[in-house]
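Subject: Handing over a structure

Hello,

Here is the structure I promised to pass on to you. Please open it beside this message, and then read on for what turned up.

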Amino acid sequence: MHTTDAAMKPVIGLTTYLEEARTDGCGTVSAAFLPETYLKPIIAAGGMPILLPPQPVLEGMIEQLVNRLDGLIVPGGWDVDPALYGQEAHPATDEPRPKRDAWEQALIKEAIRQDVPLLCICRGEQLLNVTLGGSLHQHLPDVIGNGQYQPGGYNFNRIPVEIKPGSRLEQLIGANPGPVPVSHHQAVDKLGHGLVAAAWSEDQVVEAIEYPASTFTMGIQWHPEELPEDFGLFRGFVEAARRKFLSRLLPASPSSVSAELNASLAGPQLR
């Protein structure tokens, strides 16, 4: 088979915001958008990003869409609706975005089911945990006594993290990545089914999670798109997506998805 470099680029879907935005050309409109910082490392790593705006989840569409993706990124944004993990909203919790929650949860479930490489960042990591039956700390200052994880003003704080030895994350970015950029007031509390913690802050706040039953499913609480040193993370993710792309060029074979993965998707924790 003869292909060009462009033909070999894996297609990476990225979910987006759907918010009111002010523009010079269109005025104030409801718009789907995503900061360019999420796109640059995917392009640099050899992926081809496409945006997936929130929309109604119709029967069969998620399966069809994910089947056309080689990788999926669920990025940051507003807080996950606490009703999804059985809690009342904290006064500091954002107004829920139910359409985005439902859209991204459906994509997460299907990406895991089809074993499509999945990278979830900040809010995305939290939604991955909730989707697999976990819960969140709604306001970290209530837990650790300070607001160092979210300095405000759209700024990032830098904190050291401890990486779990032998984790996929350690394989991608090393054991000592240095301080990482954070901007979050919520974090993983109870881990979802099948997930393991892969990084912690000095306060023992979970800063990364992994789903070992999948080929590549990872949640990162910090913002790797803001940190050039984390390029290994995106390179590893895009390489996993490339392998998924190449596997689809081969003759169909029986599914190799593990029993653990199937059990987690069938469980009652998936809403």
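Below is a short tour, from the whole protein down to a few single residues.

Please keep in mind that this is a predicted model. The protein has 8 helices and 14 strands. Of its 271 residues, 49% are buried. Among contacts with a separation of 6 or more, 72% join residues 24 or more positions apart. The exposed surface comes to about 12,800 Å², and carbon and sulfur atoms supply 53% of that area.

Next, the aromatic rings. A search of the whole structure finds 2 aromatic pairs. One of them is formed by Y17 and F33. Their rings are stacked, with 5.1 Å from centre to centre and 5° between the planes. The pair links distant parts of the chain: Y17 belongs to strand β2 (residues 17–23) and F33 to strand β3 (residues 27–33), 16 residues apart. Y17 counts as buried because its relative accessibility is 16%, under the 20% cut-off. F33, at 32%, is partly exposed.

D115 is not a glycine, yet its phi is positive, near 55°. You will find D115 in the loop between α3 (98–113) and β6 (118–121). Y154, also not a glycine, has a positive phi of about 60°. Y154 lies in the loop between α5 (140–144) and β8 (157–159), and with 82% relative accessibility it counts as exposed.

Notes
Residues numbered from 1 in each chain as written. Predicted model: local features only at pLDDT ≥ 70, side-chain atom pairs only at ≥ 80, totals over all residues. Heavy atoms only, no water. Helix = DSSP H or I, 4+ residues; strand = E, 2+ residues; numbered from the N terminus. Buried < 20%, exposed > 50% of the residue type's maximum accessible area, 1.4 Å probe, protein only. Contact = heavy atoms within 4.5 Å. Areas by Shrake-Rupley, 256 points an atom, 1.4 Å probe, with all protein chains shown as cover. Phe/Tyr/Trp six-rings, centres within 6.5 Å; stacked < 30°, edge-to-face > 60°.
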